[in-house]
Amino acid sequence: MLLPENFEPLVCAPADCGEDAYWFLFDQRALLVSTGDEPPVVPVGAEPPVACGQQQFVGLLAGKPCWAARVDSAQAPEAWVFEGLRGLFNRLHDDLLAVAGRAIQLLEFQRTHRYCGVCATETVDHDEGRGRCCPACGETVYPRIAPAMMVLIKRDGPQGRELLLAHGSRFPTVFYSALAGFVEASESLEDCVHRETMEEIGVKIANLRYFASQSWPFPHSLMIAFVADYVSGEIVCQPGEIEDARWFSLAALPDLPHRLSIARRLINATIAEVAPDHPALEETALRAMQGPLTSA
Ligand SMILES: [Zn+2]
């Protein structure tokens with residue numbers, strides 16, 4: 001999820017909600033969206049359409065304030081429904097989906113840091129709402145971001161370009177993706193890439209190149225993606241982590257991750273280097289066709 005170019009993550013909230021504010025209202029991790037419209041939209045107006053808890057300012061989208069809050073009741077009003085963010089991929093406008101990802105991370109931070117982790121005193125807003133501070137012991141916390149690395153391993157052989165793609169044991173559907181894993185204490189990103197690759201599939205790689213990064217609000221990751229060249233080793237899948245991993249030629253690619261994921265952008269960019277007309281690239285052109293968000 002990439003925050004749109006016309007989004008301003010201002011920390012200072014405007015004095016009032018505004019007549020045409022966007023409302024990102026959550027029951028647990030499910031977002032309130034309309035049922036009658038396709039694509040669905042989030043509520044817009046001076047007031048939220050349901051009773052909710054403390055409102056948190058998220059930023060300005062196309063000049064309009066965006067507010068996040070948790071609802072008091074899981075009962076959605078008529079013509080509205082609560083839906084998980086993953087189910088809204090490809091349906092809710094990408095810009096709204098990205099802001100919703102920021103909104104739920106801010107709400108989760110507030111929910112899980114109400115009390116000081118050192119002395120259990122109730123915390124207060126700090127640094128204009130960016131963090132929480134303990135008035136008793138001074139402990140200060142900011143939203144947690146968990147860095148995770150991703151690496152796409154490639155090799156160019158007699159049959160052309162091949163990508164090493166894996167199906168993780170916890171993947172919800174049967175698609176194949178680049179390898180990924182969380183950075184551990186004291187590790188550099190490069191250390192993590194080499195360790196995870198060896199642990200998960202037992203191969204050696206070299207020539208790490210940074211590709212891009214992407215916020216991933218499930219629940220608070222920052223994915224940092226690399227491409228690397230294969231060096232040596234036979235694929236041995238780590239039990240419980242990787243169900244299957246193989247070399248795929250570009251002519252016989254498996255199902256790939258969603259177009260909004262950095263994994264897919266990484267895979268597409270690596271395909272496009274040698275096959276700019278490959279059919280796998282077509283799906284991601286959808287974002288360009290969607291255009292900017294102009295009204296809700
Ligand atoms: Zn404290």
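Me: How many salt bridges are counted between domain 1 and domain 2?
Reply: Heads-up: this is a predicted model, where local features need pLDDT of at least 70 and side-chain atom pairs 80 or more, while totals for chains, interfaces and linings use all residues. Residues are numbered from 1 along each chain as its sequence is written, and side-chain values use heavy atoms, with hydrogens and water left out. For a salt bridge, a side-chain nitrogen of Lys or Arg has to be within 4 Å of a carboxyl oxygen of Asp or Glu. Between domain 1 and domain 2, the count is one.

Me: Which side chain meets D94 in a salt bridge?
Reply: D94 is also among the residues of domain 1 that lose the most area to domain 2. The N to O distance in its salt bridge is 3.4 Å, and the partner is R259.

Me: Where do the two domains sit in the chain, and how far apart are their C-alpha centres?
Reply: Domain 1 covers 7–112 and domain 2 covers 146–290, with bounds from an automatic or database assignment. Their C-alpha centres are separated by 31 Å.

Me: How much area is buried between domain 1 and domain 2?
Reply: Buried area is the accessible area (1.4 Å probe) lost by two parts on being put together, summed over both. Carbon and sulfur atoms give 50% of it here, and the total is about 1100 Å².

Me: Why does the zinc site get its geometry label, and what is that label?
Reply: The donors (N, O or S atoms within 2.8 Å of the metal) are the SG atoms of C116, C119, C134 and C137, at 2.3 to 2.4 Å. They're spaced C-x2-C-x14-C-x2-C along the chain. The label needs all angles between 85 and 135 degrees. Because the four donor atoms subtend angles of 100 to 120°, the arrangement is tetrahedral.

Terms used: Donors are N, O and S atoms within 2.8 Å of the metal (3.2 Å for Na, K and Ca); water is not among the atoms, so sites may look incomplete. Four donors count as tetrahedral if all angles lie between 85 and 135 degrees; four count as square planar and six as octahedral if opposite donors are over 155 degrees apart and all others between 65 and 115; anything else is irregular.
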